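I opened this entry to record what I looked up in the model.

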Amino acid sequence: MNFIFLGPPGAGKGTLAKEVAVAYGIPHISTGDIFRENIKNGTELGKKAKAIIDAGGLVSDEITIGLVKDRLSKDDTKSGYILDGFPRTIGQAEALETFAKIDAAVNFDIEDEAVVERLGGRVCCKECGQMFHTKFNPPKVAGKCDKCSGELYTRDDDKTESIQNRLKVYRESTAPLIDFYKAKGNLVDVDAKPAPEKVLAEFKAKFPKK
């Protein structure tokens, strides 16, 4: 099956995509990974993307769509794939329809309050980068890393104000895709609030392997 994974930051899309990819034997295709691979391999599209990124700009829809189209032409996508991070806009979704058939747009549904709690409690070690969560995975000693005793801190993108801004951007630009795929009859909601293993179980129940 060909899947699109939708959901706000903190919904756990990336984690689940990796697990589904292994369980179903299909590639997890992230636009970030596509960019990095093309830049690393020095492809024409990769060179264009690198020049824009190095200049601090945003890669255009035209280049992003070209990279995704090229990736979906590879042999490993014949049995299905997961698109994570694409499409981000209605324009990208409409372009995708010209070269790919999507079986299901899976919306990982979670309230903003739960996202703020999930992301806002994250702390990171300044020394080794180990991640903890003050509520769900607290360090043994408050403010100190279990691995190296380094100082723990909250990254700027995990501060409440930053999280709320990321959610606002998501709701404004990407959330309309939910209505787009709902109108086409291939939107499937999955509750993203429980633990990852429960979310994966719900996913498998809704999409039994053929």
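**Sheet**

I found valine 123 standing opposite phenylalanine 132 in strand 6. The model is predicted, so I noted its limits: local features need pLDDT of at least 70, side-chain atom pairs count only at pLDDT 80 or more, and totals for chains, interfaces and linings use all residues. Residues are numbered from 1 along each chain as its sequence is written, and side-chain values use heavy atoms, with hydrogens and water left out.

I took helices (H or I, at least four residues) and strands (E, at least two) as DSSP runs, numbered from the N terminus. Two strands pair if DSSP finds at least two bridges between them. Strand 5 (residues 122–125) and strand 6 run antiparallel and are joined by three bridges. I then read off the open sheet: three strands in the order 6-5-7, with antiparallel pairing. Strand 6 and strand 7 (152–153) are at the edges with a single partner strand each, so one side of each has no neighbour in the sheet.

**Aromatic pairs**

My rule was that rings of Phe, Tyr and Trp (its six-membered ring) pair if their centres lie within 6.5 Å; planes under 30 degrees apart count as stacked, over 60 as edge-to-face and the rest as tilted. The count by this rule is nine aromatic pairs. For phenylalanine 3 and tyrosine 24, the ring centres are 6.5 Å apart and the planes stand at 90°, so I logged the pair as edge-to-face. Phenylalanine 3 is in strand 1 and tyrosine 24 in helix 1, 21 residues apart, and the pair links these distant parts of the chain. Both phenylalanine 3 and tyrosine 24 are buried (buried is under 20% relative accessible area, exposed over 50%, partly exposed in between, with a 1.4 Å probe and protein chains only).

Phenylalanine 5 and phenylalanine 108 have ring centres 4.9 Å apart and planes at 70°, so this pair is edge-to-face. Phenylalanine 5 belongs to strand 1 and phenylalanine 108 to strand 4 (residues 104–109), so the pair ties together parts 103 residues apart in sequence. The relative accessible area of phenylalanine 5 is 2%, which is buried; phenylalanine 108 is buried at 1%. Ring pairs link Phe3, Phe5, Tyr24, Phe108, Phe203 and Phe207 into a cluster.

**Asparagine 2**

I also checked asparagine 2, which is in strand 1. Asparagine 2 is buried at 15% relative accessible area. Neighbours within four places in sequence aside, its contacts (heavy atoms within 4.5 Å) are Gly80, Tyr81, Lys101, Ile102, Asp103 and Ala104.

**Pockets**

On a 1 Å grid over the protein atoms alone, I took a pocket as an open set of points where a 1.4 Å probe fits, with protein on both sides within 12 Å along at least five of seven lines; lining residues have an atom within 4 Å of a point. The largest pocket holds about 890 Å³ of space. Its lining has 32 residues, and Thr31, Gly85, Phe86, Arg88 and Thr174 lie nearest its centre.

The second largest pocket has a volume of about 780 Å³. It is lined by 29 residues, with Gly10, Gly12, Thr15, Arg118 and Pro196 closest to its centre. Helix 1 gives the most to this lining, with five residues.

Note on methods. Points joined across faces, edges and corners; volume = space filled by probe spheres on them.
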